[in-house]
Amino acid sequence: MTAQDFQWLNWSGQQARHLLCIDVSERTPVLLSELLHAQLRYYFRAQNQTYQTQFKLEPANLNTVTYQHAANSSAVRGIEGCQKQDTIASLFRNIATGNDGMGQQNSVDTPPFFSTTATFGQQYRAQLGGENRLVLADMRQSFNPDVIAALAGTVIGGGVMIVFVSQQQTPSNVLRHFIQGFKRYNSCHYVNVSREGLEQDWQQIITNIFSRKEPTGQNDTVGLQGHAARDKTNFDAISPNKESEIHNPHGAVNSEQHQTIEDIIKVATGRRDRPLVITADRGRGKTTSLALASIQLLQQRPSPITIIITAPTPAAVKTYFRHLQQCPLEISIHALVAEYRQHKICFVPVDELIENPRQCQLLLIDEAAGIPIAQLQRLSECYHRLVFSSTVHGYEGAGRGFTHKFLTYLHQTYTNSRQLHLNSPVRWSQQDEVEPLLFERFFLNAGLPILPAQYREHESLNISSSPDGSKFTFEAGDLMTPSTVTGTIRYQWLQGKELLEREEIFAQAFAMLVAAHYQTKPSDLKLLLDEESVFLGLQFMDVTSESGARQGETLLSGVALIMIEGDLSTELIDKVNLGQRRIPGQFTPQSLMTQANVDWAFDFRYARVVRIAVHPDLQGHGLGNQLIRACESFATDKQLDCLSTSFGVNQSLFHFWHQANFKVARLGFTRDKASGEFSILMLKPLHDNVADKVIALEAQWRSEWAIFLPDEHRELSSSLVALLLSATTVDTQRVATEQLTSLGAQDIVVIEHFIQGTRQLSSCMPALQRLLMSLAKADYSYVKRVELDACYDGSPLALLVGKVLQKQSFLQLAKRSGLSGQKAVVTQLKTACKALLQARSLQARNRNNLG
């Protein structure tokens with residue numbers, strides 16, 4: 001970081017940011033575009049002049065981002081070819097082209113005042129990690145909390161974000177909830193331009209915001225309540241931060257960042273197996289710290305060093321490589337590979353790092369909360385010098401399972417691991433109000449329900465419940481100081497406005513969803529508050545007295561998010577079947593029809609369990625199973641036909657849903673980008689007429705699976721394959737036996753020869769395939785015991801599945817299991833065969849005894 005960059009960052013970081021939400025109607029006055037453009041130019045010119053006068057340096061470019069829902073929308077067409085009568089689109093065009101807003105164009109030799117990037121739809125994600133001074137977001141068609149949260153994080157101190165909404169065109173509960181939060185913040189303004197008779201009011205308010213004058217008249221209620229009284233048109237002259245006068249060899253902007261850089265370097269140069277975890281809210285400079293530490297290592301290390309950085313997506317490391325490119329060293333950067341002298345830095349996707357471990361002196365994992373916990377654990381097992389860095393709030397859809405689950409695992413596994421939390425913002429000031437508003441309105445700082453004090457004080461906690469799930473017993477403490485409380489479990493289903501009427505409980509429920517699911521993001525609020533087909537189930541534990549009366553103490557213990565699917569017109573169903581339409585909110589029947597080739601998919605109505613979560617401190621006590629039963633009761637009351645769920649499948653999750661009697665409908669062919677796992681769709685029929693079809697569907701899936709195992713599912717966890725095969729229910733197995741070749745007596749003889757070493761593996765492959773494909777419900781308890789808790793696919797049974805069904809090479813099998821080679825792998829295959837035959841023999845004896 002150059003001295004000029006450092007000075008600008010220090011100065012701008014002490015300026016206030018502004019967030020404007022402007023509510024417009026279909027007939028927005030043209031004057032709004034002209035006024036905003038003129039005021040923005042005035043505001044940023046005054047800002048630039050103040051900085052130039054104080055430091056005799058040029059300010060940063062006026063990087064600007066405009067966002068629109070779609071590039072081809074007739075109502076809000078993009079900058080190129082935008083409609084004349086559309087006021088907001090005209091503003092975007094004038095900002096981008098340099099038109100002064102009054103019809104006057106800049107001369108050919110004069111560059112536009114604003115350096116503008118136009119984004120549409122999902123393109124806003126490319127801005128994550130970037131720095132902008134102005135963001136304009138058109139949300140009139142669709143209010144998107146993800147876009148607002150993400151783009152607001154790119155606005156540096158002194159910057160402005162303007163969000164255009166229209167409650168008249170797109171009424172929304174989540175939008176109203178967002179607007180209600182503006183009243184308590186001085187730098188966040190809601191201006192309603194859609195009301196008649198308020199023309200002079202909104203003009204004066206907008207002028208006051210950018211001139212930084214106290215508003216006059218009685219118009220505060222329009223959206224500028226409590227605006228700071230500053231009768232100044234220029235920016236305050238701010239003395240340089242004392243830390244900036246101290247020569248910092250690492251280029252850090254504060255002592256907190258300097259210490260972080262030192263600790264990162266220590267991971268690479270100190271003892272192995274001492275991972276470092278860096279957490280922060282965004283804008284605290286954690287990615288910059290990774291880059292500055294890497295630059296120092298390139299300079300300090302005389303011997304060649306390889307640094308690998310990974311993240312959920314390549315876009316997440318854009319800021320890291322930008323810092324490398326801007327540093328004084330002559331670093332050669334091509335794509336996501338940087339080279340300096342004999343040193344190398346490169347980006348490698350997470351799955352590649354796991355499948356093919358690489359030699360490196362330091363592995364940096366940025367935005368770690370966006371990576372599935374199972375993959376983080378594998379990385380911690382394969383690499384010895386690790387730095388995990390992540391935001392702790394879900395702006396990019398990263399949940400808090402990272403802090404609740406993975407960090408606990410890491411600290412238990414590596415007692416010398418360390419954790420740092422960056423508190424001081426770098427992009428904006430400590431007194432910033434934009435971030436607190438977003439945290440509050442989007443529940444990003446919502447806390448989990450707090451357990452009663454007597455249970456938090458004890459390490460041991462046991463919860464038992466009645467068979468019907470209606471009562472519970474808390475047992476805490478030890479033999480010397482036992483503590484027991486009883487109570488009842490009840491459920492409540494809410495949606496839309498009902499959730500906002502109980503905002504405290506809603507915030508706790510949302511925090512629970514964030515803690516359990518890495519995919520939970522701000523836009524899920526829109527799903528919960530605005531979709532009529534969505535219901536949120538709340539599981540409460542009410543403490544009662546000995547007489548059974550409620551004592552007033554209630555704990556939210558679990559939540560379930562359900563979406564009702566299946567109601568669709570014949571015309572739309574035909575279009576879905578022909579691949580011409582993809583209907584939102586119809587995941588289950590669409591997936592069954594187009595991917596599982598089910599012609600009866602839209603004959604039934606489904607309750608899809610989109611999310612389910614139990615309080616982290618109460619997990620493992622059966623509350624999740626009770627929550628599933630509550631979902632079943634809800635669906636039955638709504639006269640629905642089937643429960644469904646879809647998730648990135650692993651051993652533990654599959655076991656949870658299988659134990660709840662859900663059946664496999666289909667298994668995806670590619671890994672889900674968010675979870676890193678193959679997605680599975682499971683169904684639980686609620687009526688007999690649906691049950692027959694679901695049982696037959698699972699049977700068909702199982703019988704055809706052998707076709708996909710050597711190809712599409714070759715990379716699927718072999719432990720999971722064994723679990724899935726053995727999980728077939730008795731009814732399904734009876735149907736499937738007509739389609740499968742059963743294991744015969746001669747097959748058993750052949751397998752015994754293989755175990756004894758008197759037959760080669762190749763000549764026994766058909767018999768071994770029939771052995772594995774004949775795994776049934778009776779084998780599930782054995783397979784579960786072997787594979788459910790497996791951290792990797794190295795068990796003998798997993799190796800047998802990998803070789804026989806997935807056609808994996810001996811080299812692959814030996815590498816993943818840590819064996820010396822082919823001979824050692826074959827020995828493990830024999831062990832698996834022997835165990836399976838013994839399990840079958842035991843089952844046969846048990847059946848004979850019962851007979």
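Modeller: The side chains of R666 and Q595 are joined by a polar contact of 3.2 Å. A polar contact is a pair of N or O atoms within 3.5 Å; within protein, one must be able to donate a hydrogen and the other to accept it, and residues adjacent in sequence count only if both atoms are side-chain atoms. This is a predicted model: local features need pLDDT of at least 70, side-chain atom pairs count only at pLDDT 80 or more, and totals for chains, interfaces and linings use all residues. Residues are numbered from 1 along each chain as its sequence is written, and side-chain values use heavy atoms, with hydrogens and water left out.

Colleague: Where is R666 placed? And is R666 buried or exposed?

Modeller: R666 is in strand β22, residues 663-671. Strands (E, at least two residues) and helices (H or I, at least four) are DSSP runs, numbered from the N terminus. R666 is buried, at 13% relative accessibility. Buried means under 20% relative accessible area, exposed over 50%, and partly exposed in between, with a 1.4 Å probe and protein chains only.

Colleague: What is R666 in contact with, leaving aside neighbours within four places in sequence?

Modeller: S591, Q595, A596, S679, I680, L681 and W701. Contact means heavy atoms within 4.5 Å.

Colleague: New topic. How many salt bridges are there in the whole structure?

Modeller: The search finds 21. A salt bridge is a side-chain nitrogen of Lys or Arg within 4 Å of a carboxyl oxygen of Asp or Glu. One of them joins K286 and D366, at 3.6 Å from N to O. K286 lies in helix α8 (residues 286-300) and D366 in strand β12 (residues 362-366), so the pair ties together parts 80 residues apart in sequence.

Colleague: Are K286 and D366 buried or exposed?

Modeller: K286 is buried, at 7% relative accessible area. D366 is buried too, at 0%.

Colleague: And what about E352 and R358?

Modeller: Their side chains form a salt bridge of 3.2 Å, N to O. E352 is partly exposed at 35%, and R358 is partly exposed at 36%.

Colleague: Which residues are linked in a network of salt bridges?

Modeller: R17, R282, D432 and E435.
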